[in-house]
Amino acid sequence: QVQLVESGGRSIQPGGSLRLSCAASGRAFKDYTMGWFLQAPGKERRFVAAIGRSGRMTHYADPVKGRFTISRDNDKDTVYLQMNRLKLEDSAVYYCAAKIDLDLRSTSENSYRYWGQGTQVTVSS
């Protein structure tokens, strides 16, 4: 079991940068694959990025490649999403999630066992 709490979401102008954090509590954070998902109003939840247990392996959805970077600090039990060159279409609630499964390329939300409550990112002029 693990509890996840996201933070860092806010309103920001297009082209700006933002770093989201997801703090985990509970046993064995280092054993979990971590992911970020987003959900815009009226839309389904979509995969953004995933990171393996050690932080060496990452996987990204095509729309964020080259702009977003997922990372983790296992000493702090925290996973991050660095978002650069933000676009209007990036506006969404961002969720972090955890799973024991080692498969980074399994991007379905159904593959993730634990979820945070989300943090709102609003990109607007």
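How many disulfides does a search of the whole structure find? The search finds one, a disulfide being a pair of cysteine sulfur atoms within 2.5 Å. The structure is a predicted model, in which local features need pLDDT of at least 70 and side-chain atom pairs count only at pLDDT 80 or more, while totals for chains, interfaces and linings use all residues. Residues are numbered from 1 along each chain as its sequence is written, and side-chain values use heavy atoms, with hydrogens and water left out.

The disulfide joins C22 to C96, with an S to S distance of 1.9 Å. C22 lies in strand 3 (residues 18–26) and C96 in strand 9 (residues 92–99), so the bond ties together parts that are 74 residues apart in sequence. Strands here are DSSP runs (E, at least two residues), numbered from the N terminus. The torsion about the S-S bond is about 50°, so the disulfide is right-handed. Both cysteines, C22 and C96, are buried (under 20% relative accessible area; exposed is over 50% and partly exposed in between, with a 1.4 Å probe and protein chains only).

The count of aromatic pairs comes to six. Rings of Phe, Tyr and Trp (its six-membered ring) pair if their centres lie within 6.5 Å; planes under 30 degrees apart count as stacked, over 60 as edge-to-face and the rest as tilted. One of the pairs, F37 and F47, is edge-to-face, at 5.7 Å centre to centre and 80° between the planes. F37 belongs to strand 4 (residues 33–39) and F47 to strand 5, ten residues apart. Both F37 and F47 are buried. Y95 and W115 also form an edge-to-face pair, with 6.5 Å between centres and 75° between planes. Y95 is in strand 9 and W115 in strand 10 (residues 114–115), so this pair ties together parts 20 residues apart in sequence. Y95 is buried, with a relative accessible area of 12%, whereas W115, at 25%, is partly exposed. Ring pairs link F37, F47, Y95, Y112 and W115 into a cluster.

Key: Helix = DSSP H or I, 4+ residues; strand = E, 2+ residues; numbered from the N terminus.
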